[in-house]
Amino acid sequence: MRHPKILTSLLTATLGAGLTLSLGAAPASAAEPSAVTHATSTAYASYAAYAGSAEEAKANQAFFDAVVKSVAKKRAAAPGAAAVTVVYSAANAPSFRSQISRSAQIWNSSVVNVRLVEGSNADFAYYEGNDSRGSYASTDGHGSGYIFLDYRQNQQYNSTRVTAHETGHVLGLPDHYSGPCSELMSGGGPGTSCQNANPNSQERARVDQLWRYGLASAFKTP
């Protein structure tokens, strides 16, 4: 859920750096919040004009592929399991524990082929802090990743929606800022008045399809 004006210039550098970070390494803005400039209130005013970029789509796919590959290795002994378990850690985002828990509940009640569970040896982690780019998802490209939750953005937008939206990237969904409020992955596009934190029927079906069919090929990955 980044701002369209600042995303274009920062996307390549940010996501490029994200691809080299491991699960255990906190994002710089979480480790050093005082060094990050706060965005102004207008910085997150509208995302509607931004429909996403090829770079962002590539990064979203990389995150999904990394998580799937990690889960595939752990679950190879039970390839016929009805639902694949993806483990997350909320230890580094204590201020958002309730939103993270609610986000997991939302997704777990919306799809059947993947289940989010908090625990150790996590596939991805949540972090919190200040970042003028807003909240985002990142991966090291090798099965580990994190979701960063920005304080200011979560004050301006429905915080559970922000969290569920970023979690949607872990499950394989790209941003679609031009979509309506009823579409979770439209992010901040509908504006701060949008309170919906649930994926619509198309998003639910897409996630189930990805984890039902996409995972089968992941098990064959060396």
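The following conversation walks through a predicted model of one protein chain.

Visitor: In what order do the elements run from the N terminus?
Guide: Starting at the N terminus, the order is α-α-α-β-α-β-β-β-β-α-α-α.

Visitor: How much of the chain is buried?
Guide: Of the 222 residues in the protein chain, buried residues make up 52%.

Visitor: What about contacts between residues at least 6 apart in sequence: how many join residues at least 24 apart?
Guide: In the protein chain, 70% of those contacts join residues at least 24 apart.

Visitor: Let us turn to the rings. How many aromatic pairs does the structure hold?
Guide: There are seven aromatic pairs in the structure. One of them is formed by F96 and Y151, whose ring centres are 6.1 Å apart; their planes are at 15 degrees, so the pair is stacked.

Visitor: Where do F96 and Y151 lie?
Guide: F96 is in the loop between β1 (84-92) and α4 (97-110), while Y151 is in helix α5 (residues 151-156). The pair therefore ties together parts that are 55 residues apart in sequence.

Visitor: Are those two buried or partly exposed?
Guide: F96 is buried, with a relative accessible area of 5%. Y151 counts as partly exposed, at 28% relative accessibility.

Visitor: Which arrangement do Y136 and Y146 have, stacked or edge-to-face?
Guide: Y136 and Y146 form an edge-to-face aromatic pair, with 6.1 Å from centre to centre and 65 degrees between the planes.

Visitor: Which strands does that pair tie together?
Guide: Y136 lies in strand β4 (residues 136-139) and Y146 lies in strand β5 (residues 145-150), so the pair ties together parts that are 10 residues apart in sequence.

Visitor: Buried or exposed, those two?
Guide: Y136 counts as buried at 5% relative accessibility, and Y146 counts as buried at 3%.

Visitor: Which residues form one aromatic cluster with them?
Guide: The cluster is formed by Y127, Y136, Y146 and F148.

Visitor: A change of topic: how many salt bridges are there?
Guide: The count comes to two salt bridges. In one of them, the side chains of R97 and E118 meet, with 2.8 Å from N to O.

Visitor: What does the R97 and E118 pair tie together?
Guide: R97 belongs to helix α4 and E118 to strand β2 (residues 114-118), so the pair ties together parts that are 21 residues apart in sequence.

Visitor: What are the relative accessible areas of R97 and E118?
Guide: R97 is partly exposed, with a relative accessible area of 38%. E118 is also partly exposed, with a relative accessible area of 40%.

Visitor: Which side chain does R133 meet in a salt bridge?
Guide: The side chain of R133 meets that of D131, at 2.4 Å from N to O. D131 is buried, with a relative accessible area of 4%.

Visitor: Now disulfides. How many does the structure hold?
Guide: The structure holds one disulfide. The link joins C181 to C194, with 2.0 Å from S to S.

Visitor: Is the link right-handed or left-handed?
Guide: The link of C181 and C194 is right-handed, with 85 degrees about the S-S bond.

Visitor: Where are C181 and C194 in the chain?
Guide: C181 and C194 each lie in the loop between α6 (159-170) and α7, and they are 13 residues apart.

Visitor: Buried or partly exposed, C181 and C194?
Guide: C181 is partly exposed, with a relative accessible area of 27%, whereas C194 is buried, with a relative accessible area of 4%.

Visitor: What is V207 in contact with, leaving aside its neighbours within four places in sequence?
Guide: V207 is in contact with W107, V111, V114, L171 and L173.

Visitor: What separates the C-alpha atoms of V207 and L173?
Guide: The C-alpha atoms of V207 and L173 are separated by 7.2 Å, and these two residues are 34 residues apart along the chain.

How values were computed
Residues are numbered from 1 along each chain as its sequence is written. This is a predicted model: local features need pLDDT of at least 70, side-chain atom pairs count only at pLDDT 80 or more; totals for chains, interfaces and linings use all residues. Side-chain values use heavy atoms; hydrogens and water are left out. Rings of Phe, Tyr and Trp (its six-membered ring) pair if their centres lie within 6.5 Å; planes under 30 degrees apart count as stacked, over 60 as edge-to-face and the rest as tilted. Helices (H or I, at least four residues) and strands (E, at least two) are DSSP runs, numbered from the N terminus. Buried means under 20% relative accessible area, exposed over 50%, partly exposed in between (1.4 Å probe, protein chains only). Contact means heavy atoms within 4.5 Å. A salt bridge is a side-chain nitrogen of Lys or Arg within 4 Å of a carboxyl oxygen of Asp or Glu. A disulfide is a pair of cysteine sulfur atoms within 2.5 Å.
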